[in-house]
Amino acid sequence: MRFTSERRLDDGVLEREFTLDGIPGILWTPGSASASASAPVPLILLGHPPLGLRRMYPRLVDRARHSAAEGFATATIELPGSGDRPRRPAVEQARADLRRVLEAGEPVGDEIVDALVLPLVDRAVPEWQAALDALLPLPGIGGPVGYSGGVISVGVRLAVVEPRIVAAALFAGSFVPRVMFEEARRVTVPLHVLLQWDDEGNDRQAALDLFDAFGSREKSLHAHMGGHTGVPRSAADAAVRFFTRHLR
């Protein structure tokens, strides 16, 4: 991991950009009084949709500041095929197929969902794990680790294969391949799942079925009226309270 920039935000949060094997990322840590080598803070991985870190930055830094106020460090990395990372022709074709189907008002078939989501999951999850390998030894950063938001299938896979993640707050706002329902049954960590009831790009019933499939003994579903971008501020507050219970 190589840090490429550092700045202190006006609320004292330290923001450091980094690259890890050519993958850009950002680490936010609370003010120096809150995070030190002698008193490391828990870490939350901030997932996001594949729109690029620069486009997602306003929402990411808002989540990071909100988490830092409660004593958490947060980090994120650029997803495969996003930002300045190389595009993947097969995924770009699946994305074009998805746009065509949605514009025609047709149902989205499993083939398109699989082609769009599964390659992302297969590549992104090992990269998140590599980021954890690099982040956790840093002074002021410690376990346990939570995963928040992002493409829900990435969160599902991480919750299954990464033992350092002990809790996850997931956003049911993306297409889910059928194979992920089987993986969901293997998830055992506490879950906090957010659902926008009128999300125009999400299959509500599929989201409810996925929640039902999760094998976690502790799981809660928080549904709010409104579309994909209408998530209320109270939802962020609830997610931070969830992590406070499980990462302390």
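Two strands are taken as paired if DSSP finds at least two bridges between them. The views below show a predicted model.

**View 1. The open sheet of 9 strands.** The strand order is β1-β2-β3-β5-β4-β6-β7-β8-β9, and the pairing is mixed. Strands β1 (2-8) and β9 (219-224) form the edges, each pairing on one side only. On average, and with direction ignored, neighbouring strands of the sheet are turned by 20° against each other.

**View 2. The hairpin of β1 and β2.** Strand β1 runs antiparallel to β2 (residues 14-20), and 6 bridges join the two. Between the two strands of the hairpin lie 5 residues, and glycine 12 in the turn has a positive phi of about 90°. Two positions on β1 can be followed across to β2. Serine 5 has glutamate 17 as its bridge partner, and glutamate 6 stands opposite arginine 16. In a regular strand, side chains alternate between the two faces of the sheet.

**View 3. Helices α1 and α7 on the sheet.** Helix α1 (residues 53-68) packs on the sheet and touches β1, β2, β3 (23-29), β4 (41-47), β5 (73-77) and β6 (141-149). The direction of α1 makes about 25° with that of β3. Helix α7 (residues 233-247) lies across β4, β6, β7 (165-171), β8 (191-196) and β9. Relative to β7, helix α7 runs at about 170°.

**View 4. The crossing of α1 and α7.** The axes of these two helices come within 10 Å and cross at roughly 45°. Angles of 65 to 115 degrees count as roughly perpendicular, under 35 as roughly parallel and over 145 as roughly antiparallel, so α1 and α7 are oblique to each other. The crossing of α1 past α7 is right-handed. Helix α1 contributes Asp62, His66 and Ser67 to the contact, and α7 contributes Arg233, Ala236, Asp237 and Val240. Sorted by class, the contact of α1 with α7 has 2 nonpolar, 2 polar and 3 charged residues.

**View 5. Arginine 233 in helix α7.** The relative accessible area of arginine 233 is 44%. Buried would require under 20% and exposed over 50%, so arginine 233 is partly exposed. Leaving aside residues up to four places away in sequence, arginine 233 touches Asp62 and His66. From C-alpha to C-alpha, arginine 233 and serine 148 are 15 Å apart in space, with 85 residues separating them in sequence.

**View 6. The surroundings of helix α4.** The buried residues are Ile152, Ser153, Val154, Gly155, Val156, Arg157, Leu158, Ala159 and Val160. They pack against α3 (110-135), β6, β7, α5 (179-184) and α6 (204-213).

**View 7. The packing of α3 with α4.** The two helices pack at an angle of about 50°, and their axes are 9 Å apart. At this angle α3 and α4 are oblique to each other. Helix α3 passes α4 in a right-handed crossing. On the α3 side the contact is made by Val117, Leu120, Val121, Asp122, Ala124, Val125, Trp128 and Gln129. On the α4 side it is made by Ser153, Val154, Arg157, Leu158 and Val161. By class, the contact of α3 with α4 has 9 nonpolar, 2 polar and 2 charged residues.

Conventions
Residues numbered from 1 in each chain as written. Predicted model: local features only at pLDDT ≥ 70, side-chain atom pairs only at ≥ 80, totals over all residues. Heavy atoms only, no water. Helix = DSSP H or I, 4+ residues; strand = E, 2+ residues; numbered from the N terminus. Axes fitted to C-alpha atoms, helices over the stretch in contact; angles between N-to-C directions. Contact = heavy atoms within 4.5 Å. Left-handed = near helix turned anticlockwise from the far one by under 90°. Nonpolar A, V, L, I, M, F, W, Y, C, P; charged D, E, K, R; others polar. Buried < 20%, exposed > 50% of the residue type's maximum accessible area, 1.4 Å probe, protein only.
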